[in-house]
Amino acid sequence: MRILLITGPGGAGRTTVAAATALAAAGNGARVLLLSGDAGDPLAALVGEPTGEPVEAAPGLAAVPAGGVLVARVDSGEEFREELVALQERGSALLGMVGARPLGAEELTELPGAEQFALLRALRRAAAAPETDLVVVDLPPLHQAVAALALPAQLRRYLARLLPAERQAARALRPVLAQLAGVPMPAQWLYEAAARWDEELAAVQAVVEAGTTSLRVVAEPGPGADAALRTGLLGLALEQLPVAGIVANRMVPQGSPDPWLAGLAAQQEKYAAQWAGAGSAEDVPVLPLGHLGRDPQGPDDLLRLTGAQGLVPQASGDSRARRAWAVEDRLADDGVLVWVVPLPGAHKRDLDLVRRGDELLLAAGPYRRIVPLPSALRRCTVSGAALADGVLRIRFTPDPGLWPRRP
């Protein structure tokens, strides 16, 4: 199974592109699951009557018939209510100790951020959907999509720091302590919940980082989209999420006798050309989609867009491997090790870095990430950094007290 994640700056037409891609793949005989978290079910309106019945993104997704599209919508509100009620039930002993009154499901309204959690969980379930060839995911706008895709790894780090697994070894002592103290020890359920969360987050992270998962960014070529795209691609690079392609949407045909249309077409071509290679050190394919002169209204309009070459992801060649940041050995010449961090489109003013123990806090524009240092660099001190041609090179000098002496 292949998974195609689609995002882009707000208003760029990512939902339209997701629907057109799903229809194009189904037209080639693929069994396609189209997943969205948008309210109002806009995907179903674009696709028309799907081959399968629209379903909630829940365990037991129905199989997709060959050459068909099944639209699955994430009901984040319902999932939030179910999860919070289940959490209250597992923590009933603790709530009883403090005299708290549990909330009923009918009282709960989802909190900000619930959509991201629901979509990620639905993505994990969709990855295991039966008899499906392709899952097309209509992600939130680019800035929110970067945050959502980074969320599993971030939360796993928080859990490891706040509830380290080593402390679970003390679980066997809790019944004894409870007898001595005369009160129940509620910490056990918290560690058990943390273990369940970590397992689920690890499964989502594995789907996001899998070689069969690819990411495309949809943008309408122009100065506004160019700024938003540069910032979003910087965030994706910081999270080591490679971009398989950029869809240049709503391209105006060239050669118009109208000066205004001719100028707009020239501007779009200029920015589309700049975006090639904008997401990595290698060239990034730019897939042009024409402008219909109006907003697409249904499957007939989408079919006019599906002739774009490369719109349907191939079984091989569409995904880009997630690459580890290389460590260059320059000990013999310069006495340093250099950690090479590709950050295309970054400016010096965008960047900041702080060493904290065996981790490095990297800030790039509005994005922040804490990454563990490779083992060799943990025995070094940071001695400088430089940004050139979209690549940040961080220099590390071996600590004589920790570095093995050479004979």
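Biologist: Two strands pair if DSSP finds at least two bridges between them. In this predicted model, how many bridges join strand β14 to strand β15?

Modeller: Strand β14 covers residues 380-388 and strand β15 covers residues 391-398. The two strands run antiparallel. Pairing needs at least two bridges, and the number joining β14 to β15 is eight.

Biologist: Which residue in β15 does A386 stand opposite?

Modeller: β14 spans residues 380-388 and is joined to β15 by bridges. The residue of β15 that stands opposite A386 is R393.

Biologist: Which residue in the hairpin of β14 and β15 takes a positive phi?

Modeller: The hairpin has two residues between the strands. A positive phi near 55° is found there, and the residue that takes it is D389.

Biologist: How many salt bridges does the count come to, and which residue meets R14 in one?

Modeller: The count comes to eleven salt bridges. One of them has an N to O distance of 3.5 Å, and the side chain that meets R14 there is that of D138.

Biologist: How many residues apart are R14 and D138, and are they buried or exposed?

Modeller: R14 is in helix α1 (residues 14-27), and D138 is in strand β5 (residues 134-138). The pair links distant parts of the chain, 124 residues apart. Buried means under 20% relative accessible area, and R14 and D138 are both buried.

Biologist: Which parts of the chain does the salt bridge of R250 and E220 tie together?

Modeller: The closest N and O atoms of R250 and E220 are 2.9 Å apart. R250 lies in strand β7 (residues 245-251) and E220 in a loop, so the pair ties together parts that are 30 residues apart in sequence: β7 and the loop between β6 (213-219) and α9 (223-238).

Biologist: Is E220 buried, exposed or partly exposed?

Modeller: The relative accessible area of E220 is 29%. Buried would need a value under 20% and exposed one over 50%. E220 is therefore partly exposed.

Biologist: Why does α9 count as roughly parallel to α10?

Modeller: Two packed helices are described by the angle between their axes and the distance between the axes. For α9 and helix α10 (residues 259-275), the axes are 10 Å apart and the angle is about 15°. Angles under 35 degrees count as roughly parallel, which makes α9 and α10 roughly parallel.

Biologist: Which residues of α10 do P223, A225, D226 and L229 meet?

Modeller: α9 passes α10 in a right-handed crossing. P223, A225, D226 and L229 belong to α9, and the residues they meet in α10 are Q267, Y271, Q274 and W275.

Notes: Residues are numbered from 1 along each chain as its sequence is written. This is a predicted model: local features need pLDDT of at least 70, side-chain atom pairs count only at pLDDT 80 or more; totals for chains, interfaces and linings use all residues. Side-chain values use heavy atoms; hydrogens and water are left out. A salt bridge is a side-chain nitrogen of Lys or Arg within 4 Å of a carboxyl oxygen of Asp or Glu. Helices (H or I, at least four residues) and strands (E, at least two) are DSSP runs, numbered from the N terminus. Buried means under 20% relative accessible area, exposed over 50%, partly exposed in between (1.4 Å probe, protein chains only). Axes are lines fitted to C-alpha atoms, for helices over the stretch in contact, and angles run from 0 to 180 degrees between N-to-C directions. Angles under 35 degrees count as roughly parallel, over 145 as roughly antiparallel, 65 to 115 as roughly perpendicular and the rest as oblique. A crossing is left-handed if the near helix is turned anticlockwise from the far one by less than a right angle, and right-handed if clockwise. Contact means heavy atoms within 4.5 Å.
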